[in-house]
Amino acid sequence: MWVFYLISLPLTLGMVTVTLRYFAGPDVPRYVLLTVGYTWFCSVAIIILVPADIWSTITNHDKAGIGFFWSLSYWSTFILTWAVVPLIQGYEDAGDFTVKDRFRTSIHSNLLFYSIVGSIGLFGLILLIIMHHNWGGSIMGFAMACSNTFGLVTGAFLLGFGLSEIPKSIWRNADWTNRQKVLSHRVAKMAVRLDEAHQEFSNAIVVAQATSNQMSKRDPLRPYMDIIDSMLVQMLREDPGFKPSGGRLGENDMDYDTDEKTMAALRRQLRRAREEYYRYKSEYMNYVMEALELEDTIKNFERRDANGWKYFSSFRDNRSGTLGSLLDITEFLWKCVLRKQVQKALAIILGIISAAILLAEATLLPSSVDLSLFSILINAVGKQEVLVQIAAFVPLMYMCVCTYYSLFKIGMLMFYSLTPRQTSSVSLLMICSMVARYAPPISYNFLNLIRLDDNAKTIFEKRMGNIDDAVPFFGKGFNKIYPLIMVIYTLLVASNFFDRVIEFFGSFKRFKFQSEQDELVDGFDPSGMIILQKERMWLEQGCKVGEQVVPLARNFNNATLDIESGNGIPDKSLTVELKSSTTPPKEETQQSRKYTNSRDSIANKYSAIKQSSSALKTEPSPASVSLLESSNPALESRKEESGILTGQPSGLVSTWANLKSGFQSFKTNMNNRKFLPLKQNVPAGGLSDNDRGNSSVESLDDIFKKISRRPRENDDFDLD
């Protein structure tokens, strides 16, 4: 038994460390890494202890050691989930400038959370006293069952969604064409989100700079502003390739210098805008790299005979020598032949395991029948330790993967993000809290599927308590009824019942999540294909992925063409709008599919758009602010590095130009409406057509020649 501990615990620690380093962002502090790592370790330890607990129950061996690790892991996750992690999460999310103020803000933000939890606990205690229910165990077990009731019920629905979605997703992605369609949509959407995040980050920089410019050196809040300025300089120094642009000031963006709280809000806004920008940039780069590598795979498979069954990649140099040739052949066999078949086989195996779990959940109600495949396997292998633990560990780990897959997919849409090497401290803490909260309920649910000989109970079941005792008003059969509800829900999800209901009631489409199936129905996204073509061209020119995507995405976002009557000058540049999450009309869908038939059509579309947009003239908005234009020496030193233009045209020259344009427009309107020119002596018989046009033009030209003559005569006159 100790061999199991010596092998499993180091493997668990190594797996947690590698996972944490893979997802954690560069600015995550060490105490957050330690907290998240220990929480994940305890959560995974609970899952790993389940097979050992089953084997010790069968053999009646080493229950003391199992009990100690159960208590340590469970109560560690309990305290971390409900006390430590929320406090640190609020501390990391706060923008205050001192440790005391950040803890105060964290406690204030978590006060509602603690109030709700305390109210639920008080209600359960009062209910227990009033009903005098005989729970048949310890008060501690009853409390543990109550605390995990929420996880058991909600975890069942999360598990059901994952059991249906994971095998289908793996099967769909095994097809190269389907995966290309999905990636084209993902790249297009992520390019738009990256552009929006870039603009938000630029806006935050503009607001911070404008606030710093209007604040005097003697202002009591100046020390806080200096901290924000230093943070801004550090951000730009860490990424010299970032070019802020398009920053604008809103109506209330100059109110951050009111007190210390508003300065803390400004610091928090700047930090969150930066985290969001780099998160979307990382996701965009991952999708683009996957799409380009998939194109290489398809191209190598089509040219396999000409290439001698070798794999040639556009992201690395060709290998040389005998060993290099062998590696190329091995890579070709894996990426072009074997990987697709392995994915399909894995989808089939996981589908069978999902069906076995649903069958076991559905047959919990009749106590005389045991149709659980896992229970039959565990009882069949008897007292063989390795086989018992494998038969228990594989389905339990799959149930955990399904539950966490659903949890992360829903949470990433609303609450947090999980991005490789760009996950923030707040997201890591929230994710570890969710993982710890659902680890005991998943283990308890799996133990319900196992019926040992003589109805023996594991140590975890004894200490966990019974959900029937936790919710007595549902009756004694609730522990076997709620899994049946989960089975029905899973079957409805697998048959796309909810999507069909939403499609039937068109007004409910706003509540529908965009899935891979919807992206496959829509076909290739033309904007995504154009972006991928441009990215490949930039890679061949020596650029990095994502380096030019922001201006490219802006050329495909918010297409409008507003032309004033009479002058024919457009106000805004022509752009093409990327696909949104809503379902487009049928006419637009059919028209967009024309561009998916061939890449020539897409290229023609892009060239036409490029010619149209280059012919249009755009003017900067008066609300825009020159980024990083400040008297602060530290910020001045970053102007040239960030590639920011701060030069302004001469105010006098621009004033005369606008005035002349206004006079000419007014003259044109008078001619169109047959108004007489001003300050002209009109003969009694009226003016002829030639006299009317010539006199007006000559008078305007004479006026502007006289106006512009004085500033040109004096070369030393400062127009600024």
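Author: A residue counts as buried when its relative accessible area is under 20%. With that cut-off in hand, we may read this predicted model.

Reader: How much of the chain is made up of buried residues?

Author: Of the 720 residues in the chain, 42% are buried.

Reader: Is Thr262 buried or exposed?

Author: Thr262 has a relative accessibility of 19%, and therefore it counts as buried. Thr262 belongs to helix 8, which spans residues 260-302.

Reader: Which backbone atom lies 2.7 Å from a polar atom of the Thr262 side chain?

Author: That atom is the backbone oxygen of Asp259.

Reader: How many helices and strands does the chain have?

Author: The chain has 26 helices and zero strands. As for its contacts with a separation of 6 or more, 75% join residues 24 or more positions apart.

Reader: What describes two packed helices?

Author: One gives the angle between their axes and the distance between the axes. Let us apply this to helix 8 and helix 6, the latter covering residues 176-214. Their packing angle is about 155°, and their axes are 8 Å apart.

Reader: Why are helix 6 and helix 8 called roughly antiparallel?

Author: Angles over 145 degrees count as roughly antiparallel. The angle here is about 155°, and therefore helix 6 and helix 8 are roughly antiparallel to each other. Their crossing is left-handed. Sorted by class, the residues in the contact of helix 6 with helix 8 are 25 nonpolar, four polar and 10 charged.

Reader: At what angle do helix 2 and helix 3 pack?

Author: Helix 2, residues 30-59, packs against helix 3 at about 155°, with the axes 9 Å apart. Helix 2 and helix 3 are therefore roughly antiparallel, and they cross in a left-handed sense. The contact of helix 2 with helix 3 comprises 18 nonpolar, eight polar and three charged residues.

Reader: How do helix 3 and helix 13 pack?

Author: Helix 3 (residues 63-93) and helix 13 (residues 425-449) form an angle of about 160°, and 9 Å separates their axes. That angle makes helix 3 roughly antiparallel to helix 13. The crossing of helix 3 and helix 13 is also described as left-handed.

Reader: Which residues make the contact between helix 3 and helix 13?

Author: Helix 3 contributes residues including Tyr74, Trp82, Val85 and Glu92. Among those from helix 13 are Leu429, Met430, Cys432 and Arg437. By class, the contact of helix 3 with helix 13 holds 10 nonpolar, five polar and three charged residues.

Technical notes:
Residues numbered from 1 in each chain as written. Predicted model: local features only at pLDDT ≥ 70, side-chain atom pairs only at ≥ 80, totals over all residues. Heavy atoms only, no water. Helix = DSSP H or I, 4+ residues; strand = E, 2+ residues; numbered from the N terminus. Buried < 20%, exposed > 50% of the residue type's maximum accessible area, 1.4 Å probe, protein only. Polar contact = N/O pair within 3.5 Å; in protein donor to acceptor, adjacent residues only side chain to side chain. Axes fitted to C-alpha atoms, helices over the stretch in contact; angles between N-to-C directions. Parallel < 35°, antiparallel > 145°, perpendicular 65-115°, else oblique. Left-handed = near helix turned anticlockwise from the far one by under 90°. Nonpolar A, V, L, I, M, F, W, Y, C, P; charged D, E, K, R; others polar. Contact = heavy atoms within 4.5 Å.
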